[in-house]
Amino acid sequence: MSGGLVLACFVFYKLTSVLYTDVDNYDIALVTSSMMAEDNWCLFLNPLLCLLLRGLTELYRGGDWFTTLSHLGVFMGAWTVAFCILKKESIENPEKTAALLWLILLLTRLNLWNANFTVLSAFFCFVGYYTAFSAESDSPKKNWIAVLFVVLGSLWRYETALLFLPFAGLRMAAGLFEHSDDRERRKHILSSGAVLIATVLFLTGIQLISFQLPSHADSVRYSQARSAIADYPMREWDEIEENAQINEIDYRAARAWNLTDTEHLTTECLEQFARAGRRTATGEEMWDSLMGFFHDWRGHLLFLFFWLICLMLRCWKNKNRVTRITSMLSVLGMGLILLYYIRLGRAPVRVVDSVFLACYSVLMTVPAEKKSGRKEKMVQKASIAVLTLALAATIIGSERKPVQWALLSNTGNQKMIEELETENNDLYIWKDYYLQISSRYMSAGKFTPTNMIQHHISGGDWMYGQKYHQELLQEVNAKNPALALLDRENTWYVATSPDLMLQILQEHYGDGIRSEMCGSVLNENCWKFYREEDAGNAA
């Protein structure tokens, strides 16, 4: 039955969702499939996973192995959770029904199949800890399954796996108190929990060591500095202009994700910007962020909080003091972690989802009363009714989509956007690369072809500073994309306005540089930059 439920969810996903909805996952898939360069090392993934993906790509280059393995992991993880729910004898059938409905909604309404790799890591960790701590008896098979999914969570994103450790420690402590008179059970809890935690720390150590390798160290530093500037609150220029070592135009460019001037926006320069401008969010900013988040994701949050409340009621109907304290501490920990990220100014929905799943891994595994009273049964029935209505609304509101397969994403994708067909050494540098290029291929479930990658590049994304991106720029003779706009033939900047790019060029390469619009591409203005003495050659 558990396999049938998950298979039905997978069919639903295939019929109602496109293959790619998250640009980070899409870019990671391009990198790990060696579409950018043969070296597929990606700083977000564990190097062991990158090696595995490289080996699979060597065997078959027609598909996206990263997404394929992600889907396989979600499928097997959902099956494992469903199986554990159905086989658990300590909970009644209504509670099992509610838990299965929640799982189906997690897969469909929140589109876990296409979730950001951070959320995928959180789901894998959730499956691992749920399998380990929900077992009602010692089971070597379940222990190995738990280790497997914790390994997957660590391979997909080690920071998320580390986020689960406090919750795992809390659940282990609760288990030791619950079975204070059962020495064998306590021994099993300690050993299985220690193995899971050691697994996370070991794989984290491998990734951190890879960050220190000479071939990767500068790329990691560049990415960390870029993220600090672009993803977190920064001071305005007038707050740091007294710092004579910082260039105003470069500072504004970095904050606007314009990283094209690689000669000046170096790793050391970005680190200097981060040190001078980094700040935490103000109280007003935190409040505005919360209100904006609730407004944009209210349906999403309603689902997360509804299940959280159901689980808290389940824990509090248990007269066991350990269960109540454990549930309180897990929710308190979740709140503190979210507050920490909000204060940092970095609490996107993927972080919220991950923290909720970490909390669920505790609340769904603590013991509950085996028999429910009349009030509890009414709550269970109400929960089932609400979850059923939410599932029905999800199914009714979904539109039929063409079926897309990850293992075919690198086939039949060569001539999809005829307006962008290029010749010779044409090079277009896009301000909004994702909106104009990536999104079109993502909606079709296809990789951006190599020919397109070599003629259309982004003016700023997380690939900048990475070895494969540097090799790409070298290959197309645009090691410094900003300077290439001046010195390289057939090179254009595609954006609504050229102002910031013009300021960058005038700041470092001469006041006499001018811009001229020379047409449009995909309804975006196309600009050519030139020096005044070369005005006659502008095209």
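**Notebook: aromatic pairs and a charged patch**

Both Tyr129 and Phe133 come out as buried. I note at the outset that this is a predicted model.

I looked up where these two residues sit. Tyr129 and Phe133 share helix H6, residues 117–134, and are four residues apart, about one turn of the helix.

Next I went through the ring pairs. I find 26 aromatic pairs in the structure. One of them is Phe75 with Trp79: the ring centres are 6.0 Å apart and the planes stand at 90°, so I log the pair as edge-to-face. Phe75 and Trp79 both belong to helix H4, residues 65–87, and are four residues apart, about one turn of the helix.

I returned to Tyr129 and Phe133 for the ring geometry. Their ring centres are 6.2 Å apart and their planes lie at 10°, so this pair is stacked.

I also traced a cluster linked by ring pairs. Its members are Phe66, Trp102, Phe123, Phe124, Phe126, Tyr130, Trp156, Phe305, Trp307, Phe356 and Tyr360.

Last, I looked at surface charge. Which residues form the negative surface patch? I list Asp238, Glu239, Glu241 and Glu242. Asp238 is in helix H11, which covers residues 237–240. Is Asp238 buried or exposed? Asp238 has a relative accessible area of 57%, so I record Asp238 as exposed.

Technical notes:
Residues numbered from 1 in each chain as written. Predicted model: local features only at pLDDT ≥ 70, side-chain atom pairs only at ≥ 80, totals over all residues. Heavy atoms only, no water. Patch = residues over 30% accessible without salt bridge, like charges linked within 9 Å, V, L, I, M, F, W, Y side chains within 5 Å. Areas by Shrake-Rupley, 256 points an atom, 1.4 Å probe, with all protein chains shown as cover. Salt bridge = Lys/Arg side-chain N within 4 Å of Asp/Glu carboxyl O. Lys, Arg positive; Asp, Glu negative; His and termini not counted. Charge placed at Lys NZ, Arg CZ, Asp CG, Glu CD. Helix = DSSP H or I, 4+ residues; strand = E, 2+ residues; numbered from the N terminus. Buried < 20%, exposed > 50% of the residue type's maximum accessible area, 1.4 Å probe, protein only. Phe/Tyr/Trp six-rings, centres within 6.5 Å; stacked < 30°, edge-to-face > 60°.
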